[in-house]
Amino acid sequence: MKANLLCGNRNLPKDILVNSADADWIGIDRGTLILLEAGITPQFAVGDFDSITQEEKSFIERQIEINPYNSEKDDTDLALGIAQAIQSGYKEIQVFGATGGRLDHFLGALQILEKPEYVEEDIVIKLIDQSNEIQFLKRGLYDIEANDLYPYISFIPASYPTVITLKYFKYNLYKETLEQGSTLTISNEITSSHGEVEVIEGNVLMIRSRD
C-alpha cells in the first residue's frame, strides 16, 4: 500500500492535491489543515499541532479526530507520522511539503530515510517537491525508469566506503568507489528508457531533480 504524507504547502508539485485527491493522504501537523481545506479527508493526522491557530485546530476537530502530541517530544511530527503509516500497513510512503523550510528539519527527514528497521523491511520512503525526489538505496540492483519531470539524477554516499555501478547513463561507472567529499556522481542523466544502478557496497541517497 502507498500513502502520501503532507507536512505543509512549501514547494509542492503543481496540482498534486488535485491530481492525487483519491490517494491515501495522511496529515502531518499543519498539512492536515491544508488537506481538509482542499476537500481531502486524511486517513489520520499526526502532530502536536503547534503550527496552527486555535481556530484552525477547531476547524480540523469538527471534521476528523486528532490526538495531539505534547510539543516537547523525542521525535518530529514527520517521524511519528511515518512510523504510524508503517504500523498501518503502508510499504511505500511519499512525503510532500517537507523541504524549503528549516534545514535541521530537512536533515532530520533525510535521517528517517536511513532508519535501519525501515531499510531492513524494504519500506520505500521518498521526499518529493516541485524540483526534487529523494530516496535511500541500500546495497542491491535497481532498475530506474527515466522520468522527464526529474531528468537529472545524483547519488550521494550515505556511508563509506560506497561502491557503485551505473549503466545506461550519460556518465556510466563500473565498480566505482566514491570517496568522501567527492562530487563525481552529481548531475547525471539516464540515456535510455531505464537506467541500471547497482550499489555494491555501502548506501546512497538517490536524488532526481530538475532546474
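Mentor: Happy to! Let us start with a term: a salt bridge is a side-chain nitrogen of Lys or Arg within 4 Å of a carboxyl oxygen of Asp or Glu. This is a predicted model, in which local features need pLDDT of at least 70 and side-chain atom pairs count only at pLDDT 80 or more, while totals for chains, interfaces and linings use all residues. Residues are numbered from 1 along each chain as its sequence is written, and side-chain values use heavy atoms, leaving out hydrogens and water.

An automatic or database domain assignment divides the chain into domain 1 (2-130) and domain 2 (137-209). Where they meet, 10 residues of domain 1 are in contact with four residues of domain 2 (contact means heavy atoms within 4.5 Å).

Across this interface the rule finds one salt bridge. The side chains of K138 and D122 form a salt bridge, 2.7 Å from N to O. On the side of domain 1 that touches domain 2, the elements giving two or more residues are α5 (103-113) and α6 (116-120); helices (H or I, at least four residues) and strands (E, at least two) are DSSP runs, numbered from the N terminus. K138 counts as partly exposed because its relative accessible area is 27%, between buried (under 20%) and exposed (over 50%), with a 1.4 Å probe and protein chains only.

The structure holds six salt bridges. Another of them joins the side chains of K170 and E189, at 3.9 Å from N to O. That pair links distant parts of the chain, 19 residues apart: K170 lies in the loop between β9 (162-167) and β10 (173-178), and E189 in strand β11 (residues 188-189).
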